[in-house]
Amino acid sequence: SAATSGQEPVKVTHNSNLLSKQFVLFLLPVLIVGMGLTFINLYLFIFMLEDLHASTSLIGWAVTCTVLGEPIIFVAAKRLLQRVGVRIMVVSAQLLLVLRLFAYAFVKHDLAVLPVQLLHGVIFALFW
């Protein structure tokens, strides 16, 4: 804690950088992407079981697909960041999240979830 480490706790005032326009504009996409990913994490498997009648094995494969795209983007992240910048990466992640959420509206077969799930790794790696 701050008391035991000798550091003063952070005090937020109306002049604080935590309330700056830049910081709020940074937090807004974090909130939006976080909400979208949480929505998927909470309801995808229920949707797969109840509406698509997917097997538990397929749900396991869906989880596997969520992480397959991450290593590729994480390996290329430094070059990607230098080439396109933070703003393009964040906006790309947001657009891919919208595409992913929209795609679930058209999923009518349990296997169709797998390619949509591949977007998770790319979104996660680009944004976080």
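Biologist: Is Leu101 buried or partly exposed?
Modeller: This is a predicted model, and in it Leu101 is partly exposed, with a relative accessible area of 32%.

Biologist: Which helix is Leu101 in?
Modeller: Helix 4, which covers residues 70-104.

Biologist: And what patch does Leu101 form on the surface, with which residues?
Modeller: A nonpolar one, together with Phe39, Leu42, Tyr43 and Ile46. Leu101 can count towards this patch because patch residues need over 30% relative accessible area, and Leu101 has 32%. The five have about 490 Å² of accessible area together.

Biologist: Which helix gives the most to that patch?
Modeller: Helix 2, residues 21-51, with four residues.

Biologist: Different topic: Glu70. Where is Glu70?
Modeller: In helix 4. Glu70 is buried and has no salt bridge.

Biologist: What is the nearest side chain of opposite charge?
Modeller: Arg100, 8.8 Å away. A salt bridge needs the charged atoms within 4 Å.

Biologist: So what does Glu70 touch?
Modeller: Leaving aside residues up to four places away in sequence, Glu70 touches His120, Gly121, Phe124 and Ala125. His120, Gly121 and Ala125 are among the buried residues of helix 5.

Biologist: How many residues of helix 5 are buried?
Modeller: Eleven of its 15, so the helix is mostly covered. Its buried residues pack against helix 2, helix 3 (56-68) and helix 4.

Biologist: And how far does helix 5 reach?
Modeller: Helix 5, residues 113-127, reaches 22 Å from its first C-alpha to its last. That is close to the 21 Å expected at 1.5 Å a residue.

Note on methods: Residues are numbered from 1 along each chain as its sequence is written. This is a predicted model: local features need pLDDT of at least 70, side-chain atom pairs count only at pLDDT 80 or more; totals for chains, interfaces and linings use all residues. Side-chain values use heavy atoms; hydrogens and water are left out. Helices (H or I, at least four residues) and strands (E, at least two) are DSSP runs, numbered from the N terminus. Buried means under 20% relative accessible area, exposed over 50%, partly exposed in between (1.4 Å probe, protein chains only). Lys and Arg count as positive and Asp and Glu as negative; His and the chain ends are not counted. Contact means heavy atoms within 4.5 Å. Patches are made of residues with over 30% relative accessible area and no salt bridge: like charges are joined within 9 Å, nonpolar side chains (Val, Leu, Ile, Met, Phe, Trp, Tyr) within 5 Å. Accessible areas come from the Shrake-Rupley method with a 1.4 Å probe; for residues, only the protein chains shown count as cover. The expected span of a helix is 1.5 Å times one less than its number of residues.
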